[in-house]
Each structure stands twice: as structure tokens, then as C-alpha cells.
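Grab a pencil and work through the exercises below. Try each task yourself before you read its solution.

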Amino acid sequence: MNQRSITEAFQLVCTPSTFMIPQYQNISAWHEHVPFAFWLMESMRPTSFVELGTHYGVSYFSFCQAVKALDLGTRCYAVDSWRGDPHAGFYGEEVYKEVSSYNNDNYSSFSCLIRSSFDDALESFQGGEIDILHIDGNHTYESVRNDFEKWFPKLSSQSLVLFHDTNVRERDFGVFRLFNELKARYPYFEFLHGYGLGIIGTGSVIQEAARNLFECQSNLETYVTVANVFSRLGRACSEAAANKRNVAEIGALKERRDQLIEESATNKQQFHAVQLVASDAQQEVADLRAQNEAMKSEVAVLRAQGGAAQQEVADLRAQNEAMKSEVAVLRAQGGAAQQEVVDLRAQNEAMKSEVAVLRAQGGAAQQEVADLRAQNEAMKSEVAVLRAQSGAAQQEVADLRTQNEASACAKSALLQQLEDANAGAAEKIKEKEFILMEKINEIAALTNIIGDCQRENMLDRRNTKSDIYNVINVLMSGPISKLRIRKNARLLQEVGFVDREWYLKSYPDVDAVGMDPGVHFLLYGYKEGRSPNGR
């Protein structure tokens, strides 16, 4: 055994921060690696630290505790959805609220929680920014490999990557598979306790403390020494967390015991009260039984009296039936008399109706005579009105004849004006046709020039000054107007002679003044020796 190597291994890992007492304790499988987190932050003193998968925050807040205690100035980021996964289990909003509250109260000056998926959080970091990356999310082989490969470009030149659960080989955990692949490519160290924690040096520059740690992996004596130190310290942290939970559970049990004692005292009081109520109830039952016996005797007497009463009722019922028969006979006699009265009343009403009809007929005849007289007077008035309207109609016919003659004259004048207008329009059409033919000839000439240039590879290769002047001379010959310049500029861009996007990108001063590339080239660009395109 090399005692010197063992001593050096002890000196490497036994720093003051290694023995710090964890301030944050919660449910986690990471308690046994908390001392190593303290040592790593003290030894590496990273500029930035990122953790993928934080859950209750035991691992993350261990790194934050070291940053604050050592005043490192490290920027720390925890990335998690805080909804859980198939391995960690799924949980509610209360977990994120607890973690966020602790972070705000203790580490908000340098720590930030990023609530998102790992892939979505990538855009929040620059390439080469992260010194230490801790991956502890979904533990399938595919997921952890995806996390490593996508976050690799964000790692710095002196970066380290930590993988938790490298010693778990159940429930589809695949971290160990990826770590075994990476061990062949990078220097590494692996702890087997606490479900396994693997560290690899991915940076091109390995700091001295990390290099010494990786060298301990290849030497059995130094490896055992380092592993035992952090395993025993980690077990103490784990037991302390368990003791804290046990104390909390004991406190909860004591509170429950006190509640049960209080409930028991309350139940005893209620039991005594129930006993008093039961005693009163028993006395009441006895009284009721005595009353029941007295009532039974009274019922027997009433039953005897009831027999005599029933006979009397039978006699009364017989007398009632006899009286009903007598009433029926009287009702039959009264019904015949009532029918006779009804018939007489009906005859009287019929006679009244007949008299009313006769009266109504007489009144209707009188009304008809009055109506005929009124209609006769109305017809006389209507005839007078029609006579007056006939005179007015005759006058209107005369007026219309006069207007018709005036309209005929106006129509003749309008026809003459229309003929004059058509003659003028024909002259304007001829002028437009002439101008159009000139434009067609210009376009044909420009097309021929561009075709010749393309055949000689002038447009595609170098755009010589003579080619450009030939095109410009054709377009700018004759009268120049703003409208013609804009049309020619649009034509140059449509045939590809002026490349709009290339021109604006190559000459930002044109883009800055907001001028159309074709217009600028026709007016200034070709004179200044600017190329119309990139060919």
C-alpha cells in the first residue's frame, strides 16, 4: 500500500467546505453526494452552473450553499418543468412553490429557476458558457443521451458534466449505459454510493483539482480512499436528513397523540352525558309502560261501550235508508214540475226572438234606403271631380306636346355633340397607339440587348460598362418623365437586370433613403459605376 498516495488523496478531498453542514433538507436520493457538491464548487470555482432536473432542490441548493458560503460569484440555473416524470413520479404545484420560495429567500441574487423543458431552455444559454452541467432528469438511455448531446455545445473549455443514478440498473434506467460509453472518450470519476454519481471532464482544459480526482480513479488505493471519504460524509448527511424527517414525524405523532387525548376526554364527557340521558330515558320508559297498562283497561271499557253504540248506529242507518227512499219519490215528482216550467220558459224565449227578428228586419230596410241615398250623393260629387280632372288632363296633354317638341331639338344638338366627341376620341386613340408602339419597340430593343449580353455571358459574369451604357441609352432616350423612369426601373427588375435584394444589401445608402433600386440605378447608379446585380 502506498501511504503517500493515500495521504495525498485525503488532502485532495478533505477541504473545509467538504465538512459544511447542509442547510436545506428535503425528500431526495441525492443527500449522500452533498459533501462532494461542496468540494466540487470550492475546487473548480466555476463561472456558471446549470442543473437539468431539480425536483425538491436538494442537489441544486447544495451547490448554491457552497457558492454563497465561499462567495464565488457563480451564476446558477435550475431547469425543470416541476411536474415530474415516470422515474421521479408526478407531483403537484406545491413542489415548485416550495422550491421557488426557498430560492427567493436565500439565493435570488445569483440563482434563477427556469421552468421549461430541457430542449426549450437551450436558447437561454450561449455556446461555451457552462462550466459545470449536472444532468438528473429522465433517466432512460435515450433521454439522457439526448440531454448530453444537445447541451454539449453550451459547455466551456474547462467544463465538467455530472450524471446521477449511474449505478441504477432497473426500471428502464439507462444512465449507466451512456456513462460507460463516455468513459472511453473522457477522463472520469464515478461514485457507486447514493445510486451512483459520474463525473466526466468534457473540456479541453482540465483544472488541477479535477485532474487529480480523475487520476484517483485509475489507482485502487486512492479511489477507495476518495470514495470512502465522500460515502461516509454523504451517509452522515443522509442520516441527518432522515433524523430531521423522523423528528418531524415524531412531532406530528405527538400532536396527534395530544389530539387523541383531548378527543378521549371529550368522549368521556359525552359518555357521562349520554348515561344521564339514558337514565332519564329508562324512567320515562317505565312511566310510559304504566300509562300503557292504564290505557289498556280504558280500551276494554270503551270496547264494551262500543258494542251498544254499534247497535244504535245500525238502527240509525236503517232509518236513514227509509228517509232516502222517501226523498227520491219527492225528487221525482218535483223533477216533472221543473221540466214543465223549463218548457214554458223556452216557448217564451222563442216568441221574444221572433219579435226581435221582425224588428231587426224593419230597421235593416230603413238603413238600406238611407245607404242608397248616401251613395247617390257620393256619385254626384265624384262626377264633379272627374269633370274637373278631365279639364286638367287636357291642359297637361298640351304642355307635354310643347315639352316633346323642345326635347326633339335638344336631342338633335346632343347627337351633334356626340359625333364631335367620337371624332376627338378617335384622334386620341391613334396618339395612344403610336405611344404604345414606341414602348413596344423600346422593350424589344432592350430585350435584344439583354439577349445579346446573355449569349456573350456579359450579364452572368461581369456586366461591363459598355453593356450597361447600351441598356441605359435605350431606356433613357427620348422624353424623360417620372412615370417613364418608374416603368423602366420596374422592367429592369422584372427581366433580372437589376437584382432588387442584392442591390439594397450591397448599397445600404440606397436602402437608407428608401429609393427603389431600379430608379436609383437609372438616375445615379450606372453613372457612379455601381453594378446592377451580383453576377
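**Exercise 1. How many helices and strands does the protein have, and what percentage of its residues count as buried?**

Step 1: go through the secondary structure, where you'll find 15 helices and 9 strands. Both are DSSP runs numbered from the N terminus: helices are H or I with at least four residues, strands are E with at least two. Keep in mind that this is a predicted model, where local features need pLDDT of at least 70 and side-chain atom pairs count only at pLDDT 80 or more, while totals for chains, interfaces and linings use all residues. Residues are numbered from 1 along each chain as its sequence is written, and side-chain values use heavy atoms, with hydrogens and water left out.

Step 2: of the 535 residues, 33% count as buried. Buried means under 20% relative accessible area, exposed over 50%, and partly exposed in between (1.4 Å probe, protein chains only).

**Exercise 2. Find the strands that pair with β2, and say whether β2 is enclosed or open.**

Step 1: look for bridges, since two strands pair if DSSP finds at least two bridges between them. Strand β1 (residues 48-52) is joined to β2 by 5 bridges, and the two run parallel. Here Phe49 sits opposite Cys76 of β2.

Step 2: 5 bridges also link β2 to strand β5 (residues 111-115), again in parallel. Asp80 has Arg115 of β5 as its bridge partner.

Step 3: check burial. In β2 (residues 75-80), 5 of the 6 residues are buried, so the strand is largely enclosed by the rest of the structure.

Step 4: trace the chain. β1, helix α3 (residues 58-70) and β2 form a right-handed β-α-β unit; right-handed means that, with the strands pointing away from the viewer, the path from the first strand over the helix to the second runs clockwise.

**Exercise 3. Classify the ring pairs Phe61–Tyr102 and Phe179–Tyr188.**

Step 1: set the rules. Rings of Phe, Tyr and Trp (its six-membered ring) pair if their centres lie within 6.5 Å; planes under 30 degrees apart count as stacked, over 60 as edge-to-face and the rest as tilted. The whole structure holds 29 aromatic pairs.

Step 2: Phe61 and Tyr102 have ring centres 4.9 Å apart and planes at 55 degrees, so this pair is tilted. Both residues are buried.

Step 3: for Phe179 and Tyr188, the centres are 6.0 Å apart and the planes at 90 degrees, so the pair is edge-to-face. Phe179 is buried at 1% relative accessible area, whereas Tyr188, at 22%, counts as partly exposed.
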